[in-house]
Amino acid sequence: MQEIEREAGVRIVIVGAGGYGRVVLDILTACGYRELVVGFYDDAHAVLPEEIKGVPVLGDVGMLKSMLSVEELYVVVAITENRARMRVANSLRGAGARFVSAVHPAAHVSLEAAVGDGAVICAGAVVHTDAALGSHCHVGPGAVVERDSVVGAGAWVSGGAVVGVRSHVGARVHLGANSTVGRKAEVRDDLRVPPLTNIVGEGE
């Protein structure tokens, strides 16, 4: 999990100035990083207000790429659609972006879990020991990722969903709210699992 020090000159930007961007800003604020957040970037910046929650909207993703050529910035990509989030993140990585994970202090993430850069973990989420979360994944409020399980890059685990012991959720999967992936079950890349779905695992 990418950690940042509150040293002079550290700056964080959020890509995506919609509702999810406000959620990420709230998490960063709860972490004590609000003063490090210098702005939002969004391709729809022309129709957005100049500021959101007191944080300026600075321009589009192309403008951010130009900034990355001259300045080191930490980035959180706050785009809800999984493929779009990964496409933008990969493009920014190629332009030199560094990514920070936004982990709410009211989440429980085991010190023995592996969390990829750019992940967002909401209040009340639980990530157990030896679980692995890929880069730019989302774990919603009250979601549980059990021990020894894997959540692929760019996946979205909605609020209240449970990823069972030693199960595997593929890249860019969307797990709907209160869905369950059973023990040792596998969800293939890019699948969209409806809310309240129970994917039966081994021995269930």
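**Exercise 1.** How many salt bridges are there between domain 1 and domain 2?

*Solution.* Start with the ground rules. This is a predicted model: local features need pLDDT of at least 70, side-chain atom pairs count only at pLDDT 80 or more, and totals for chains, interfaces and linings use all residues. Residues are numbered from 1 along each chain as its sequence is written, and side-chain values use heavy atoms, leaving out hydrogens and water.

Next, find the domains. An automatic or database domain assignment gives domain 1 (11–100) and domain 2 (102–197). Now apply the test: a side-chain nitrogen of Lys or Arg within 4 Å of a carboxyl oxygen of Asp or Glu. The count is two salt bridges.

**Exercise 2.** Describe the size of the interface between domain 1 and domain 2.

*Solution.* Take the contacts (heavy atoms within 4.5 Å). Here 16 residues of domain 1 touch 21 residues of domain 2. Then take the buried area, the accessible area (1.4 Å probe) that two parts lose on being put together, summed over both. It is about 1500 Å², with 63% from carbon and sulfur atoms. Ile27, Asn82 and Met86 supply 33% of what domain 1 buries against domain 2, more than any other three residues.
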